[in-house]
Amino acid sequence: MSDAAQAEQAKADYVQVAPGNYVIRPGDYRLNSGLVVGRDKAMVIDTGAGPRQARLIYQAVRSLTKLPLVVVNTHSHFDHVFGNAFFAENGVHEFYAHRNCGHDMAESGADQRQLAASTEPEMAEATGRHTGIRVPTRLVDDTPVTVDLGNLPVKLFYLGRGHTDGDLLVGTPSTLFAGDLVEQGGYPQFEDSYPRDWVDTLRRISALRHEYEVLVPGHGQTVSYAFVKSMWETMALAVRMASTASRETPSDSTKAIPILPYGPVQSRVLLERLARTAR
Ligand SMILES: [Zn+2]
Ligand SMILES: [Zn+2]
């Protein structure tokens with residue numbers, strides 16, 4: 001089968017998690033994109049790693065609604081934002097994100113291109129259509145912003161640093177889209193993280209259990225609040241163990257890697273981030 005025929009056949013899976021709330025799964029990276037459909041507008045949450053993934057997300061969106069779209073980026077990582085240009089060139093004008101996400105995309109967006117090389121070669125090379133880096137313009141800070149989709153208010157809010165310093169949560173009347181603050185099916189990604197703050201932020205997400213029935217992580221299957229609690233307890237324990245280890249053997253805290261509750265790669269990154277973000 002030719003590439004073109006394959007591309008034609010590829011489709012993103014989607015599932016309705018609550019009335020008007022969908023999770024779209026375009027495949028690569030086990031990414032969850034979100035769609036919330038109101039009376040007048042619809043909101044797309046995260047746009048994929050480049051034009052290929054964005055097209056799959058867009059096609060799924062358009063099979064569900066013809067309404068005008070707004071986009072939210074939960075944070076600045078390539079797999080969540082590199083599809084923005086595709087959406088911009090398909091009529092989207094409003095791109096919401098946390099202020100720090102906007103800054104980070106402007107600063108490090110180009111450096112992230114190589115991370116998309118395996119699935120989005122055009123994005124990595126910055127050649128072809130829809131491969132620009134489209135930085136969000138509707139910036140949210142510590143004050144929540146409510147976007148009314150027509151009889152459907154969606155709250156965009158920030159609960160503190162965590163997976164990055166600009167993770168925006170998206171809350172509809174039924175569903176919380178948590179971005180990579182919550183990740184199912186893999187270890188937490190610590191690269192740009194603030195691990196000590198992340199523990200507190202997870203505790204705050206846990207406290208929202210009476211507000212949102214459905215919880216959608218940035219990657220993997222929808223999760224329960226018990227999952228978030230366990231993620232938070234594990235991270236609190238890991239931070240405590242890592243801090244003790246670096247106090248006891250300051251010359252080589254990597255000795256703690258085998259005892260930490262994550263894989264060796266993520267444990268190493270966690271130790272580095274703890275050292276860099278010491279408070
Ligand atoms: Zn991320
Ligand atoms: Zn991610």
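Arginine 138 and glutamate 94 form a salt bridge in this predicted model, with their closest N and O atoms 3.6 Å apart. This pair connects distant parts of the chain, 44 residues apart: arginine 138 belongs to strand β7 (residues 138-140), while glutamate 94 sits in the loop between α4 (84-88) and β6 (95-98). The partners are placed in unlike surroundings. Arginine 138 has 39% relative accessibility and counts as partly exposed, whereas glutamate 94, with a relative accessible area of 19%, is buried. The latter assignment holds because buried means under 20% relative accessible area.

**Further salt bridges**

Seven salt bridges are found when the whole structure is searched. Among them is the pairing of arginine 161 with aspartate 197, whose closest N and O atoms are 3.5 Å apart. Here too distant parts of the chain are linked, 36 residues apart. Arginine 161 lies in the loop between β9 (153-158) and β10 (168-171), and aspartate 197 in helix α7 (residues 195-206). Arginine 161 is partly exposed at 36% relative accessibility; aspartate 197 is buried at 18%.

Another of the salt bridges joins arginine 39 to aspartate 40, with the closest N and O atoms 3.1 Å apart. Arginine 39 is exposed, its relative accessible area being 55%, and aspartate 40 is partly exposed at 38% relative accessibility. In general, side chains of opposite charge can pair when their charged atoms come close.

| Arginine 39 | Aspartate 40 | 3.1 Å |

**The zinc site**

The zinc ion (ligand 2) is coordinated by three residues, namely His80 through NE2, Asp180 through OD and His219 through NE2, at 2.0 to 2.1 Å. Along the chain, the donors of this zinc ion (ligand 2) follow the spacing H-x99-D-x38-H. Histidine 80 is located in helix α3 (residues 78-81) and histidine 219 in the loop between β12 (214-216) and α8 (225-248), so the two histidines tie together parts that are 139 residues apart in sequence. Histidine 80 and histidine 219 are both buried.

Notes:
Residues are numbered from 1 along each chain as its sequence is written. Chains are lettered from A and ligands numbered from 1 in the order in which they are written. This is a predicted model: local features need pLDDT of at least 70, side-chain atom pairs count only at pLDDT 80 or more; totals for chains, interfaces and linings use all residues. Side-chain values use heavy atoms; hydrogens and water are left out. Donors are N, O and S atoms within 2.8 Å of the metal (3.2 Å for Na, K and Ca); water is not among the atoms, so sites may look incomplete. Helices (H or I, at least four residues) and strands (E, at least two) are DSSP runs, numbered from the N terminus. Buried means under 20% relative accessible area, exposed over 50%, partly exposed in between (1.4 Å probe, protein chains only). A salt bridge is a side-chain nitrogen of Lys or Arg within 4 Å of a carboxyl oxygen of Asp or Glu.
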